[in-house]
Amino acid sequence: MTEADQAAPTAADTEAGNGKTKSQQTHDPAYPEKFLEFMRTGWRDAELSVTGADGAPNYAARRARLAAAFPGETLVIPSGHEKVRANDTGYNYRPGSDFFYLTGEFDPESVLVVRPDGEATLFVRPRSPRDTDEFFKDRMYGELWIGRRHTLSEKAAELGVKTADLAGLPEVLAGLTAKGTRVLRGFDPGVDAAVLPWKAADLDRDRELAWTISEHKLVKDAWEIAQLQDAIDATVRGFEDVARILPADSAVSERLIEGVFGLRARHDGNDVGYSSIVGNGAHATILHWIRNDGRTRPGDLLLMDMGVENRNLYTADVTRTVPVNGRFTPLQKQVYDIVYASQQAGMDFIKPGVKFEDVHTTCMRVLAEGLHDLGILPVSVEEAMAKDSMLYRRWTLHGFGHMLGIDVHDCANARTEHYNKGELNEGYVLTVEPGLYFQAEDELVPEELRGVGVRIEDDVMVTAEGCVNLSGELPRTSAEVETWLAEQREAGPRLPS
């Protein structure tokens, strides 16, 4: 990473109290005036070739639907700011999901304002032109540092929405009152402070905006399904990449597997949709194992929960559990087949009109029955399933699945009665991901089961007749997994192309 050698800040550029601009550091030296004058000359301006984003009509329709839900009100939806990773380096920026769902805009600090008449304006930071020194001095916004940004007109042409300079946003916000305005809070402290709620009821109004957007996201349109399928197809390729480099008779690090999948995600998409979980052996029993600092071992099971986020920010979420040496032991196969039966029962049950929680119960009952067959349940299946008992959950702490879309846990702000206490509808996309996990320290299970974890996860779309498995290109049964793993190993490693 390169450090900037910037000129001394002017009073207008400085942040209060520290004598430096937002993007300057105390170790940046001042440039001499002769150099500054030299840098201001001899530049040819380049125009960007802009085409309309393929999702622009969808974004416009979503904004119109949201405006219709709150007639006569102003809606303010910020994207969010870049976050510091270490000193003057930041995390890779990703726009807020609800903001992106309504705009398709990637740049940080942007804010969407929907007026009472439904007209939408996207406030963005325009390009840094050659008539200021920002283009070469500013490490955060200068085009010699981060590349050419769009002009306002270019941005409007790309996204199909009216644009305005971000510098004018404070004046707009200053004219708003909490009574006639709803703000998507928690993304931009400046926006939150500019439209202060007067009382608790105002915050309730803002929460209503958040859950309305989430509930609008529940049903996926055809374009969204295509985006999800794109992410899932890339994820399938990523699992194949991993299988091709996974040795059957020697150890490799979990992070090698994470990295190989991450290469596919960056090449074919935007990034991974969430931190990849790669757990060998006992690590597979840790539900959110993301340290990935272990090593594979022949004879163990390897659990991989990974998903590609595509270039329009829709993400897959898939889990496969494979035997490192290529073959399940009889006991590993028994546990795997229980989890598979649970997943299949859930998929068979899904259709429009069924309750989300009933899908959960369907999957969990199969797991409880399997635990009983393994001789582990200390009570009957019925007693273990009772709401005042739930003893089976010791070995399966999480639910059967969740909504999926532009977030890996999509529609998270939806009201309970429309999500986990509600019914499934045609066009919903959700995961089905039962699992069994026997901790290495669990003395209530036979020793040969300790450290065994199995999860199978697929992404399904609810249809009029039932559901379609969008990630069905990956094998699911124990026999299919063994065959697939052997075929991938025989094919050998490949680079994304």
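Predicted model: local features only at pLDDT ≥ 70, side-chain atom pairs only at ≥ 80, totals over all residues.
The mean pLDDT of the protein is 93, and 94% of the residues score at least 70. Residues 1–21 have a pLDDT below 50, and this stretch makes 43 contacts in the model beyond near neighbours in sequence.

The largest nonpolar core has 103 residues. Ile-77, Met-304, Met-403, Leu-424, Leu-430, Leu-436 and Phe-438 have the most contacts inside this core. Helix H10 (residues 222–245) gives the most to the core, with ten residues. Leaving out residues up to four places away in sequence, Phe-438 touches Trp-395, Leu-371, Leu-374 and Arg-450, among others. One of the other residues that Phe-438 touches is Val-335, which is buried in helix H12. A second, separate core has 13 residues, including Val-76, Val-111, Val-172 and Val-183.

Helix H12 covers residues 330–349. At 1.5 Å a residue, its 20 residues should span 28 Å, and the end C-alpha atoms are 28 Å apart, so the two values agree. Buried residues of H12 include Gln-332, Tyr-336, Val-339, Gln-343 and Met-347. In general, an α-helix has 3.6 residues a turn, so residues three or four places apart point the same way.

The structure holds zero disulfides.

A disulfide needs sulfur atoms within 2.5 Å.

Notes. Residues numbered from 1 in each chain as written. Heavy atoms only, no water. pLDDT = per-residue confidence, 0-100. Contact = heavy atoms within 4.5 Å. Helix = DSSP H or I, 4+ residues; strand = E, 2+ residues; numbered from the N terminus. Expected span 1.5 Å × (residues − 1). Buried < 20%, exposed > 50% of the residue type's maximum accessible area, 1.4 Å probe, protein only. Core = buried A, V, L, I, M, F, W, Y, C linked by side-chain atoms within 4.5 Å.
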